[in-house]
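Please look over the sequence and the structure before reading on.

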Amino acid sequence: MDEHWQVIEPANYLIHGIWSQSYEWVDGSRSWIYPALVSLPMRLAEWLGIALPSSIVAFVRALHGAFSALAIPLMYFSVLKISPEKEKYALGAAWFVALWPFSLYCATHTHAEMIGAVFVFAAVVAPVFLKKRAGLLSGFLFGVAATLKVDVAVAGIAYGCWVLIQRRWRESLDLICGVLPAVLVLGLVDKITWGNWFHSVFMHGKINLVDGIGNQWGISPWYTHV
């Protein structure tokens with residue numbers, strides 16, 4: 001449901017000015033960042049001569065799956081970097097990502113959570129590859145994930161708390177500095193599109209935390225993200 005009404009429809013509106021508008025896009029509980037990004041491969045599909053709407057969506061979904069597939073080599077090389085003598089563990093972890101039902105299978109849907117998960121994973125393993133100031137890159141990647149879907153930011157908060165518990169003060173500061181640009185972009189886009197800074201964040205929180213509207217659809221409650 002969200003794949004179509006929350007992403008494809010507003011993305012199509014950005015391209016053709018035509019859409020079926022759901023209530024989230026009336027009260028402003030969604031950010032325009034992800035639909036704007038999805039509109040780019042939709043435009044590319046049309047430029048390539050793909051005209052059938054279902055084929056355009058299939059093209060976009062295929063690109064989503066291909067992007068999420070990057071998590072497989074990223075997992076392999078990150079584990080191998082930690083334990084160079086344990087390649088079988090790296091291969092096992094890579095196969096786990098490839099076969100896990102909620103990774104590549106769900107990644108072929110235009111759900112911001114799935115694309116955001118790749119950035120969350122990249123943020124977590126960044127210190128494996130960068131020994132100095134890796135927190136800046138981690139923070140930036142967590143910020144990108146948050147701009148795609150604010151719920152995914154919970155993972156970044158958990159990581160930040162873990163760094164604080166370990167008293168890694170410099171990395172904590174780097175995380176904050178790294179995430180700030182993306183946070184400002186999220187707020188600025190809301191200001192431009194909805195008229196208020198972080199409007200979609202507050203409205204999304206109100207709908208899920210206070211009103212419990214999402215529960216009527218049988219989806220997982222907000223705290224499962226934690």
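Which helices each supply at least two residues of the lining of the second largest pocket? They are helix 9 (134-148), helix 10 (153-165), helix 11 (169-194) and helix 12 (199-211).

## Basis of the report

The model is predicted: local features need pLDDT of at least 70, side-chain atom pairs count only at pLDDT 80 or more, and totals for chains, interfaces and linings use all residues. Residues are numbered from 1 along each chain as its sequence is written, and side-chain values use heavy atoms, with hydrogens and water left out.

Helices are DSSP runs of H or I with at least four residues, numbered from the N terminus.

## The second largest pocket

A pocket is an open set of points on a 1 Å grid over the protein atoms alone, with protein on both sides within 12 Å along at least five of seven lines; a cavity is a set of points where a 1.4 Å probe fits but cannot get out, and lining residues have an atom within 4 Å of a point. A volume is the space filled by probe spheres set on the points, which are joined across faces, edges and corners.

The second largest pocket holds about 490 Å³ of space. Its lining comprises 23 residues, and those nearest the centre are Ala153, Gly156, Ile157, Val179 and Val183. By class, 17 of the lining residues are nonpolar and six are polar, while none is charged. Here Ala, Val, Leu, Ile, Met, Phe, Trp, Tyr, Cys and Pro count as nonpolar, Asp, Glu, Lys and Arg as charged, and the others, Gly among them, as polar.

## Helix 11

Helix 11 has 26 residues and reaches 36 Å from its first C-alpha to its last, close to the expected 38 Å. The expected span is 1.5 Å times one less than the number of residues. At Leu180, shortly before Pro181, helix 11 has a kink of about 35 degrees; the bend is the angle between axes fitted to the seven residues ending at a residue and the seven starting there.

The buried residues of helix 11 (under 20% relative accessible area, with exposed over 50% and partly exposed in between, 1.4 Å probe, protein chains only) include Glu171, Asp174 and Gly178. The buried residues of helix 11 pack against helix 3 (33-47), helix 8 (112-129), helix 9, helix 10 and helix 12. Gly195, with a positive phi near 95 degrees, follows helix 11.

## Helix 1

The end C-alpha atoms of helix 1 (residues 2-16) are 20 Å apart, in agreement with the 21 Å that its 15 residues should span. A kink of about 30 degrees lies at Ile8, shortly before Pro10. Both Ile8 and Pro10 are among the buried residues of helix 1, whose cover includes helix 2 (24-27), helix 3 and helix 4. Helix 1 is followed by Gly17, whose phi is positive, near 75 degrees.

## The cavity

The whole structure has one cavity of 30 Å³ or more. The largest cavity holds about 240 Å³ of space. Of its 22 lining residues, Arg30, Ser31, Ala112, Leu148 and Lys149 are the closest to its centre. Helix 1, helix 3, helix 8, helix 9 and helix 12 give two or more residues to this lining, which divides into 10 nonpolar, eight polar and four charged residues.

## His204

His204 lies in helix 12 and is buried, with a relative accessible area of 13%. Not counting residues up to four places away in sequence, His204 touches Ser29, Lys149, Val150 and Asp151, where contact means heavy atoms within 4.5 Å.
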